[in-house]
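Hi,

Here is the structure I promised to pass on. Have a look first, and my notes come after.

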Amino acid sequence: MGSANGLVCSEEKQPLLSFGVISDVQYADIPDGRSFLGVPRYYRHSVCVLQKAVQEWNQEKPKFVINCGDIVDGFCPKDKSMITVKKMVNEFDKFNGPVYHLIGNHCLYNLPREKLLPLLRVPSPDYHAYFEFSPIPEYRFVILDGYDISAIGWAKDHPNTLEALKILEEKNPNSDKNNPDGLVGCERRFLMFNGGVGKEQLKWLDNVLEEATKLNQSVVVCCHLPLDPAASSFAALLWNYDEVMAVIHRYNCVKVCLAGHDHKGGHSVDSHGVHHRILEAALECPPRTYAFGRINVFDDRLSLLGTDRMRSTEMVFGH
């Protein structure tokens with residue numbers, strides 16, 4: 001009897017905390033369109049997806065919300081960028097708790113970092129958008145800046161822009177650097193709408209994970225750009241996902257990596273037992289459908305309860 005009861009108890013135990021997730025809202029006040037690959041995009045409906053999410057989160061009371069990036073769309077008329085980002089931040093702010101925003105390529109098409117980051121309230125010395133927080137002693141959340149080395153968002157003569165352009169020049173022979181033609185497998189990631197994590201940020205990540213290990217914390221890493229080819233289409237990956245994962249795999253503390261960007265979503269478990277969960281995009285929800293979720297956090301797993309088009313996923317940690 002004892003073991004059966006034990007099982008029941010563990011099934012019913014309370015999560016240590018829960019948090020809300022949504023990604024790629026990409027709102028714009030323009031008619032519906034299609035992606036480069038022909039997938040329908042519902043630019044105006046995406047705000048309804050967010051409103052529904054906030055409504056449900058306010059009933060369920062997660063501790064905080066993580067927005068995995070791309071709050072507005074690149075097709076948003078540029079003279080309306082500021083107003084539109086503010087409007088969307090305002091919708092997020094209707095959630096009764098903290099919201100942590102990641103930056104994505106579409107955010108940066110609209111506004112340069114120095115305008116964008118204060119609006120998103122990203123704690124950003126020097127306009128870098130990586131930071132970490134620890135909502136409970138057992139867990140730490142690490143937000144990576146996937147557009148640290150990037151041809152978008154920084155001034156044209158910024159060293160990070162120049163480094164990004166050099167990488168694209170070396171890796172992508174096409175004159176249109178958003179065109180992956182001729183690039184094979186993982187090399188298809190060398191596109192202008194992607195970016196990389198710079199050396200300073202890699203060093204910072206290493207320090208954070210070392211500290212988390214000493215404190216015996218489990219870590220959730222969030223990045224707009226996916227970090228595992230098994231979970232993502234090759235053209236959506238972070239340029240130096242391999243370098244970032246080499247740092248992560250040096251430690252055993254990182255349990256889950258969350259990302260957006262690849263709108264269809266995905267899930268994989270890598271060779272070190274780290275879960276990679278890419279969130280389905282709010283932008284691709286036809287009217288009256290939704291994509292958002294709540295993640296319950298336990299000491300041995302994360303449990304994503306997805307709504308509608310966001311698939312529920314049980315992420316049990318490897319040992």
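This is a predicted model: local features need pLDDT of at least 70, side-chain atom pairs count only at pLDDT 80 or more; totals for chains, interfaces and linings use all residues.

The protein has 8 helices and 14 strands. Its radius of gyration is 19 Å, close to the 20 Å that the globule rule gives for 319 residues, so the protein is as compact as a globular protein of that length. If you want to picture the dimensions, the C-alpha atoms fill a box of roughly 70 × 45 × 35 Å along the principal axes.

Buried residues account for 56% of the 319. Take the contacts between residues at least 6 apart in sequence: 66% of them join residues at least 24 apart.

Now the aromatics. The count comes to 12 aromatic pairs. In one of them, Tyr100 and Phe133, the ring centres are 3.8 Å apart and the planes sit at 15°, so the pair is stacked. This pair links distant parts of the chain, with Tyr100 in strand S5 and Phe133 in strand S6, 33 residues apart. Tyr100 is partly exposed, at 21% relative accessible area, while Phe133 counts as buried at 10%.

Phe133 also stacks with Phe141, at 5.3 Å centre to centre and 10° between the planes, and Phe141 is buried too. These three residues belong to one aromatic cluster that also takes in Phe19, Phe64 and Phe131.

Cheers

How values were computed:
Residues are numbered from 1 along each chain as its sequence is written. Side-chain values use heavy atoms; hydrogens and water are left out. Helices (H or I, at least four residues) and strands (E, at least two) are DSSP runs, numbered from the N terminus. The radius of gyration is taken over C-alpha atoms; the globule rule is 2.2 Å times the number of residues to the power 0.38. Buried means under 20% relative accessible area, exposed over 50%, partly exposed in between (1.4 Å probe, protein chains only). Contact means heavy atoms within 4.5 Å. Rings of Phe, Tyr and Trp (its six-membered ring) pair if their centres lie within 6.5 Å; planes under 30 degrees apart count as stacked, over 60 as edge-to-face and the rest as tilted.
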